[in-house]
Amino acid sequence: MARQSFSAVRLPGFTTTAVLVFLALYVPIFTLVAYSFNASQSVAVWGGFSLDWYAKAWANTQVKEATLRSLLIAVSASAIATAAATMAALGTTRRKAFRGQTFIYVMINQPLMVPEIVTAVALLIFFAAIKVATGYQGLGYLILAHSAFCIPFAYLPIRARLEGMDLSLETAAADLYATPWQTFRRVTLPLLGPGIIAGAMLAFVISLDDVVITEFVKSGGQDTLPTYMLGQMRRQLTPEINAISTMLLMLTVAILTAFFLLTRKND
Amino acid sequence: MSPAEKAQGARTIRNAWLLSAPALILLTVAAAGPLLIVLVYSFLLKGQYGNVEWGFSLDGWRGILFTKDIFDDTMVLADAHLTIFWRSVKLSILTTLITFVVGFPTAWFIATRPPKARALWLFLITIPFWTNLLIRTYAINEVLRKEGLVNAVLLKLGVIEVPLDMLYGPFAIFVGMTYVYLPLMVLPLFAAIDRFDMRLLEAGYDLYASRLQVLRRVILPIVKPGIVAGSILVFVPSLGAYVTPRVLGGGKQMMIGNFIELQFGQGRNWPLGSALSMALLVVVMVALLIYVRFANRENAHG
């Protein structure tokens, strides 16, 4: 066989390392998924294929309630965060630099910079005081907290979309005597649509996955799916955790694939 | 500028603030604002059953490094605390280093694929990044446990005779953090390498540089901003990690994040917990400032 020709971009060992890294990234996840189909009682011993643990997770009322709670919070929080982020993106892009712009950027990206544990502690203290003062113990605190930390994730794709948008269509609409509102409703918003959907999907995934802030903010009996799982990990593990993880994993991968296809088409 | 233009300018600025207002209010109420409360709490007296009592005190801040001697009331260095800080810093640095060592070839590999395949490889890196952190940490638990994949393979190959006890300790935390934060290193590295003009490599080789020289003298200096960004993105969450050390550390091997939680739980020392949170925040902010200054300097020099 002929010796491979010299290629400037190839560096020795890099491809091997990369392939090993991809294997290392996926093997643990696949192991986890595989063991969700384990018939054995233990997470450790393979006892043949079975869907029992899915049935068990499905019948578990705690899991069901936690799932519904997770979805309710994620839907509300991503809707609120996306609305706020869309407005902020419209306000901060496509205009001349102004005083305070940096402040707005820093505030919006703040959840990405502050360690989650610090925010979690801050919200614990703050909401504990409000809970005592008002007596309200509901899901509102979790929705509020999730809405806040989802904002930067919704903001980034929307802003990217806005910056890549052609201004001439809006100018044309204005030239044709459309009111500013009509221009926004009929031209800007439809063009911005994919960015908004992408932002909402990221916010949804981020909210659905949150453990730390939820763990500190939730009142008794307000477990979401991730905090329920975290609690279970202290006990004897059964493949039920794997089954729940697999279902959550599937949901995330489905949303991400949709996101991937959506953003790729626009390139 | 005409008065009309001036008024127009003022109006767009007002609109910018009005449109940003909902986001700013949400973030003030449920993210940035409460941080100020933590700052205040760090200077208060600790309550007997948790919470705080109103009264100025530096005990919270002093408690980070010192503890009252049990026998006389003198302050001594709190060895247990120092052990936790050192473990956090050590594991975070190690995680940053190893994610760079394996992440750089990975990012290079992705960036040198043909455009179509590149999108797919990039997507494969992104999926774990967006996958629930808890699930990924649990997956590592699954691999490292006594009956897990690593031990099973090693036993089968005859490398070991008794399963290795890898779980619940600094090693498991390190492996877990490397696993969960790796995409945060690869993505900025990829972004930097992607902008790199590959013709520079050929120029280097044409001038009789060896592969190592090209790597050190041509590639690394140009992708430096990506290295700094990736290192910060890995180091910052590693230092504040909570879930990974809790699930893989087995409760005894705490990191700063778990230590902070302890103060608000069994420790019942809210001022100390608040002071620790603020100290962690300061360290992270310093790291970010270094990054911003570095990034600006790079831009200024072209």
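The axes of helices α7(B) and α9(B), the latter covering residues 211-239, come within 8 Å and cross at roughly 160°. Axes here are lines fitted to C-alpha atoms, for helices over the stretch in contact, and angles run from 0 to 180 degrees between N-to-C directions. That angle makes α7(B) roughly antiparallel to α9(B); the label applies over 145 degrees, while under 35 counts as roughly parallel, 65 to 115 as roughly perpendicular and the rest as oblique. The crossing of the pair is right-handed, meaning that the near helix is turned clockwise from the far one, by less than a right angle.

A word on the model: it is predicted, with local features needing pLDDT of at least 70 and side-chain atom pairs counting only at pLDDT 80 or more, while totals for chains, interfaces and linings use all residues. Residues are numbered from 1 along each chain as its sequence is written, and chains are lettered from A and ligands numbered from 1 in the order in which they are written. Helices (H or I, at least four residues) and strands (E, at least two) are DSSP runs, numbered from the N terminus.

Helix α7(B), residues 170-194, also packs against α3(B), residues 79-111, at about 40° with the axes 6 Å apart. This makes α3(B) oblique to α7(B). Their contact residues divide into 20 nonpolar, five polar and two charged.

A residue is buried with 20 or more other C-beta atoms within 10 Å of its own, exposed with 12 or fewer, and partly exposed in between; C-beta atoms are placed from the backbone.

| Residue | C-beta neighbours within 10 Å | Class |
|---|---|---|
| S42(B) | 25 | buried |
| Y168(B) | 18 | partly exposed |

S42(B) sits in the loop between α1 and β1 of chain B, its C-alpha atom 9.3 Å from that of F56(B). Y168(B), in the loop between α6 and α7 of chain B, has a positive phi of about 60° without being a glycine. Y177(A), also not a glycine, has a positive phi of about 65°.

Notes. Ala, Val, Leu, Ile, Met, Phe, Trp, Tyr, Cys and Pro count as nonpolar, Asp, Glu, Lys and Arg as charged, and the others, Gly among them, as polar.
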